[in-house]
Amino acid sequence: MRVLVLSGSSRTGSVNARLAALVARLVVRAGAVADPATLRDFAMPPYDGDAEADEGLPKGAVALCERIEAAQALVIASPEYNASVPGVVKNAIDWVSRFRPQPFKDKQTLLVSASPSMVGGNRGLWALRVPLEHLGARVYPDMFSLANAHHAFGEDGSLADRGLGERLTATTASFLDLAEADTRYLCLQRRWYEFLGDQTDAPVTSRAQD
């Protein structure tokens, strides 16, 4: 099973990039294939409907869409900006949402965050769930937020706090079990609608599929 592990921060020394790298190692340890990436790998301008109509979808969005489609599961390590989603993360989602078929649809997704704050970026993850679930992603109920992240990592990249390390390992393993079951067992696949009666054929709002 292939898992795209995406860091929502490209800043040198980013605690979310470090957390994403740790999750990627846990994915490999669990027997899956990790595909690590950062948003720096996918250059995209701010979303502009006129630019899309005139120039098409940017290469960065195409590349990110392809990486999502190639994976059976997705992990996003996202910072929290002003108690919400960073603009660069939301912009990437907005661009990728323009593809058909929709690559986020039915994608098993785990959200993690790291922050120097005491809440660990958790408020940003709750905000991030909204557009992802709107697009049909199956966002894992348990999220992992690392508080005081600038002091949380050991020299080897693992978490210094043993309890937190065990919780992240268990969360990642449980998520991968669900993603593998969803991949292997077709009985878990079902028709999904955001709202009852949401069966329109409009190109933007039609997200249901068998």
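Reply: Keep in mind that this is a predicted model. The structure holds one cavity of 30 Å³ or more, and about 70 Å³ of space lies in the largest cavity.

Me: Which elements give two or more residues to the lining of the largest cavity?

Reply: To read a lining, one goes from the elements to the residues. Here α3 (59-70), β3 (73-77) and α4 (87-96) each give two or more residues, and the largest share, three residues, comes from α4. Among the lining residues are Leu64, Ile68, Leu74, Ile76, Val89, Ala92 and Ile93, and the lining as a whole divides into ten nonpolar, no polar and no charged residues.

Me: Is strand β4 (residues 108-114) mostly covered or mostly open?

Reply: Burial here means under 20% relative accessible area. By that cut-off β4 is mostly covered, with seven of its seven residues buried: Gln108, Leu110, Val112 and Ala114 lie on one side, Thr109, Leu111 and Ser113 on the other, and both faces are covered.

Me: In which sense do β3 and β4 pair, and over how many bridges?

Reply: For a strand pair, one reads the direction and then the partners. The pairing of β3 with β4 is parallel, over five bridges, and Leu74 has Thr109 as its bridge partner in β4.

Me: Which residue in β5 is the bridge partner of Gln108?

Reply: That partner is Arg138, and β4 runs parallel to β5 (residues 138-139), joined by two bridges. Three bridges join β4 to β6 (residues 144-146), again in parallel, with Ala114 partnered by Leu146 in β6.

Technical notes. Residues numbered from 1 in each chain as written. Predicted model: local features only at pLDDT ≥ 70, side-chain atom pairs only at ≥ 80, totals over all residues. Heavy atoms only, no water. 1 Å grid on protein atoms, 1.4 Å probe; cavity = no way out; pocket = protein on both sides within 12 Å on 5 of 7 lines; lining within 4 Å. Points joined across faces, edges and corners; volume = space filled by probe spheres on them. Helix = DSSP H or I, 4+ residues; strand = E, 2+ residues; numbered from the N terminus. Nonpolar A, V, L, I, M, F, W, Y, C, P; charged D, E, K, R; others polar. Buried < 20%, exposed > 50% of the residue type's maximum accessible area, 1.4 Å probe, protein only. Pairing = 2+ DSSP bridges.
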